[in-house]
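Reader: I am new to this structure. Can we go through the ligand site step by step?

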Amino acid sequence: MLLKFTKMHGLGNDFVVVDAVSRKVYFNKAQIERLGDRNRGIGFDQLLVVEPPSNPDMDFRYRIYNCDGSEVEHCGNGARCFAKFVLDRELTHKRIIDVETKRGQIQLKVLDDGQVCVDMGEPSFVPADLPFVAEGLMDLYPIDVAGETFELTPVSVGNPHAVIRVEELSDAIVERVGPIVEDHERFPNNVNVGFLQVLSSDEVNLRVYERGVGETQACGTGACAAVVAGIKQGWLAADVLVHLPGGDLRISWQGPGHSIQMTGPAEKVFEGQIYL
Ligand SMILES: N[C@H](CCC[C@H](N)C(=O)O)C(=O)O
């Protein structure tokens, strides 16, 4: 089967996007891993599959797969690229788009400058919502990583995140600690690991070791998780500029009962086709 796709990225977090509205297409785990392989396939952090909605009140459904083939609940950078994709391909002419994902319903607004504002839904700090194995509710959760103790804030943005505040964002800590926490037994479904350096109450540096991928140049849900964790801990204000290796995201959260708002770019790189 000849598969047509669009290669896109959000701040260097890269995607292959497939239109499964015009023509149904399904992928098995092995196909996703091969397509995602940067040496033997196309290469991507995530595969995004755009489908018709199951709920008639929604405009689309889109499925998200990490390059290891695992299907996940939410993808912030992917949501922005999804919005650009469906407008570019004239699958819709709406600039406010309602979408079903595995985590639930989200709303995307395509702004006049081409940036996309995403209502990312409400976060949860309840360990069971990630899931994260914990004796009870705490502010910060100590976790043992190869004999060293780190304090983390568990956050669900629909997908699971462990946010660890650090004084310095060294390669060593991301490369050493990221893989161990991502696969830690206290996260039964694994976890995305964010390393947060607070510069001021409204500006941070962030690196994310993503579940099922490794470190990416940017992580939208990771930026959301880091900001709401910082607000919960009293480190951050309601509107934060997040510097990621691939660029900046603006994240806003007005507190419990409110959705997180994320605004950022979406870029198309090329269109291609490949035999599955
Ligand atoms: N690796 C994530 C999914 C992609 C998230 C990231 N690319 C984003 O922009 O939010 C997970 O397994 O939950």
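Predicted model: local features only at pLDDT ≥ 70, side-chain atom pairs only at ≥ 80, totals over all residues.

Reader: At which residues does UniProt place the feature "binding site"?

Author: The record is an unreviewed entry. UniProt places the feature at N13, Q46, N66, G76, N77, N159, N192, E210, R211, G220 and T221.

Reader: Is Q46 buried or exposed?

Author: Q46 is found in strand β3, residues 46-51. A residue counts as buried if 20 or more other C-beta atoms lie within 10 Å. Q46 has 25 of them, so Q46 is buried.

Reader: Is N66 buried or exposed?

Author: N66 is in strand β4, residues 60-66. N66 has 22 C-beta neighbours inside 10 Å, so N66 is buried.

Reader: Which element gives the most residues to the shell around the ligand?

Author: The ligand is surrounded by 19 residues, and the closest are N77, N159, R211, G220 and T221. Two elements give two or more residues: α2 (76-88) and α4 (220-232). The most come from one of them, with three residues: α2.

Reader: Between which domains does the shell around the ligand lie, and why?

Author: By class, the shell has four nonpolar, 12 polar and three charged residues. Both domains give residues to the shell, so it lies between domain 1 (2-121 + 265-275) and domain 2 (127-258).

Methods
Residues numbered from 1 in each chain as written. UniProt positions renumbered as here; feature names shortened; annotations may be inferred. Helix = DSSP H or I, 4+ residues; strand = E, 2+ residues; numbered from the N terminus. Buried ≥ 20, exposed ≤ 12 C-beta atoms within 10 Å, placed from the backbone. Near = placed C-beta within 6 Å. Nonpolar A, V, L, I, M, F, W, Y, C, P; charged D, E, K, R; others polar. Domains from an automatic or database assignment.
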